[in-house]
Amino acid sequence: MNFYQYQKNLDFQQSLGASFQNTVRKTIFHLDDPAGFWQEELKNENGNVALERHRGKLEANADKFNAMGGNMGVMGDQLHYLSKLYWNLAIAVSSGAENTRELNEQIEGHRSFITEALKETNDHLGEDEMLWFNELSNPDSQTSKQFWEEFKAFESGLEN
């Protein structure tokens, strides 16, 4: 009975690791377009609908990051903030604002930080679902600590 329970626990952890891996890869995919793409897209007839779908995907992934544990909530918070920046861009474009350069720079900075950190994690963790689970759910893991340090460096760069 103990071995059965142990195996079920391992299977559960492996499925969570696969879910973590999928969330990271989907987020990288969804953040592929630079900020300027969305500014141009908002000028199209259905641009608001497309951006709202994009924001929905970012929000869903943010919630998944927040549920991971460890220091991964940092990525969830950044995705929520990025979604808010996209919302502000939509408002600015719909109101006819001429200069959205600063807003686009903020979006691009957050987008770049998130994608680079996640790409590095994806490359480092490879295809081992148990490694994904162990590294992303544990606040004392190397990957979790690295996320925290990269976030603090990014945050201090924003303050300057």
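User: How many Å should the 22 residues of α4 span at 1.5 Å a residue, and how far apart are its end C-alpha atoms?

Analyst: The expected span of a helix is 1.5 Å times one less than its number of residues, and helices here are DSSP runs of H or I of at least four residues, with strands being E runs of at least two, numbered from the N terminus. For α4 the 22 residues should span 32 Å, and the end C-alpha atoms are 32 Å apart, which agrees. Keep in mind that this is a predicted model, in which local features need pLDDT of at least 70 and side-chain atom pairs count only at pLDDT 80 or more, while totals for chains, interfaces and linings use all residues. Residues are numbered from 1 along each chain as its sequence is written, and side-chain values use heavy atoms, with hydrogens and water left out.

User: What pattern does the chain follow along the sequence, and how many helices and strands does the chain have?

Analyst: The pattern reads α-α-α-α-α-α-α, with 7 helices and 0 strands. The C-alpha trace spans about 65 × 35 × 20 Å along its principal axes.

User: Which residues of α3 are buried, and where do they fall when seen down the axis?

Analyst: The general idea is that an α-helix has 3.6 residues a turn, so residues three or four places apart point the same way. Buried means under 20% relative accessible area, exposed over 50%, and partly exposed in between, with a 1.4 Å probe and protein chains only. In α3 the buried residues are Gly47, Leu51, His54, Arg55, Leu58, Asn61, Ala62, Phe65 and Met68. Seen down the axis of α3, these buried residues fall within an arc of 130 degrees, taken from the directions from the helix axis to the C-beta atoms, so they line one face of the helix. Arg53 and Ala67 are exposed on the other side of α3. The buried residues of α3 pack against α1 (2-30), α2 (35-41), α4, α5 and α6 (129-137), where contact means heavy atoms within 4.5 Å.

User: At what angle do the axes of α1 and α3 cross, and within what distance do they come?

Analyst: Two packed helices are described by the angle between their axes and the distance between the axes. Axes are lines fitted to C-alpha atoms, for helices over the stretch in contact, and angles run from 0 to 180 degrees between N-to-C directions. The axes of α1 and α3 come within 10 Å and cross at roughly 150 degrees. Residues of α1 including Phe20, Val24 and His30 meet residues of α3, among them His54, Leu58 and Phe65.

User: Is threonine 100 buried or exposed, and which residues does threonine 100 touch?

Analyst: Threonine 100 lies in the loop between α4 (73-94) and α5 (101-125), and counts as buried because its relative accessibility is 6%. Not counting residues up to four places away in sequence, threonine 100 touches Gln39, Leu89 and Ala92. Threonine 100 and glutamine 39 are 61 residues apart in sequence, with their C-alpha atoms 8.7 Å apart in space.
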